[in-house]
Amino acid sequence: MRNGLATIHGYSRLIDPIALPPQYRPYVDGIRQETEVLGKVVTNFLNFARPEHVTFALVDLRAIAQRAADELHHELPSGTTVDVQGDFEPVDGDEVMLRQAFGNLLRNAAEACDLSGVVPRIAIVGRIDRAHASCWVAVEDNGPGIPAEERERVLDRFYRPAQAPTGGSGLGLAIVREIAQAHDATLALEPREGGGLRVVLRFPFKAST
């Protein structure tokens, strides 16, 4: 399916909309947009059907969060800001999978804000809890938040709340939870003070002796 979609998308990119009669130009844009969306959906399905091998190494959570933000800079809604702040501790993890987890959280946060009509203001905040040998990383947004009765359900595979954007697979947060579990981390969704959502990942690390 992914190969077929890539072929359709590739051919659509070869069509110059300017060379077409004006009434047909929106159809080319529609083909491009829909094949991009479906390609992302297929990739998400493959992440469950064919889990990646986890390669652990000592990783810098701040650097991973910042890289995820930088990679999505041109994909997120216009005007979106992502601020990485606070204190982080190196942990044992798979950099590729963790970058995917942060990327999913940033996309979800930005889409929720955009749908509610506000310019996304996202913060990735790190906090070290040495008493429990853990590093907390919270992704906070200024969007509408998620009702309490739906916060657990949105972590289920394929569940899509009514206010979710169209074209998604309902796998974004479920994939984040899978990645967290692979790293012996916990995942929690909380209301953000002042409005919005706060997604907290708690990673264990080896306490110094």
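Colleague: Are α4 and α5 roughly parallel or antiparallel to each other?
Modeller: In this predicted model, the axes of α4 and α5 come within 9 Å and cross at roughly 150°. An angle over 145 degrees counts as roughly antiparallel. The relation of α4 to α5 is therefore roughly antiparallel.

Colleague: How many charged residues does the contact of α4 with α5 have?
Modeller: The crossing of these two helices is left-handed, and the contact is made by M97, L98, Q100, A101, N104, L105 and N108 of α4 together with G172, L173, I175, V176 and I179 of α5. Sorted by class, the contact of α4 with α5 has eight nonpolar and four polar residues, and the number of charged ones is none.

Colleague: How many of the residues of the contact of α3 with α4 are charged?
Modeller: The crossing of α3 and α4 is right-handed, and on the α3 side L61, I64, A65, R67, A68, A69 and E71 meet E95, L98, R99, F102, G103 and L106 in α4. By class, the residues of this contact divide into eight nonpolar and one polar, while the number that are charged is four.

Colleague: Which residue meets E71 in a salt bridge?
Modeller: The structure holds eight salt bridges, and one that involves E71 has an N to O distance of 3.1 Å. The two partners are four residues apart in helix α3, so they are separated by about one helical turn. The side chain that meets E71 in this salt bridge is that of R67.

Colleague: Which strands stand at the edges of the sheet?
Modeller: The sheet is open and has five strands in the order β2-β4-β5-β7-β6, with mixed pairing. A strand at an edge has a single partner, so one side of it is left without a neighbour in the sheet. The edge strands are residues 81-86 and residues 186-191, that is, β2 and β6.

Colleague: Which strands does helix α3 touch where it packs on the sheet?
Modeller: The twist of the sheet averages 20° from one strand to the next. Helix α3 (residues 61-71) packs on the sheet with its direction at about 175° to that of β2. The strands touched by α3 are β2, β4, β5 and β7.

Colleague: Which residue in β7 stands opposite C135?
Modeller: Strand β5 (residues 134-140) is joined to the antiparallel strand β4 (residues 121-129) by seven bridges, and there D129 stands opposite S134. Strand β5 also pairs with β7 in the antiparallel sense, over seven bridges. In β7, the residue opposite C135 is F203.

Colleague: Which residue in the turn of the β6 and β7 hairpin has a positive phi?
Modeller: Strands β6 and β7 run antiparallel and are joined by six bridges, with T186 having R202 in β7 as its bridge partner. Helix α5 (residues 172-182) lies across both strands, running at about 135° to β6. The hairpin has five residues between its strands, and the turn residue with a positive phi, of about 95°, is G194.

Key
Residues numbered from 1 in each chain as written. Predicted model: local features only at pLDDT ≥ 70, side-chain atom pairs only at ≥ 80, totals over all residues. Heavy atoms only, no water. Pairing = 2+ DSSP bridges. Axes fitted to C-alpha atoms, helices over the stretch in contact; angles between N-to-C directions. Contact = heavy atoms within 4.5 Å. Left-handed = near helix turned anticlockwise from the far one by under 90°. Nonpolar A, V, L, I, M, F, W, Y, C, P; charged D, E, K, R; others polar. Salt bridge = Lys/Arg side-chain N within 4 Å of Asp/Glu carboxyl O. Parallel < 35°, antiparallel > 145°, perpendicular 65-115°, else oblique.
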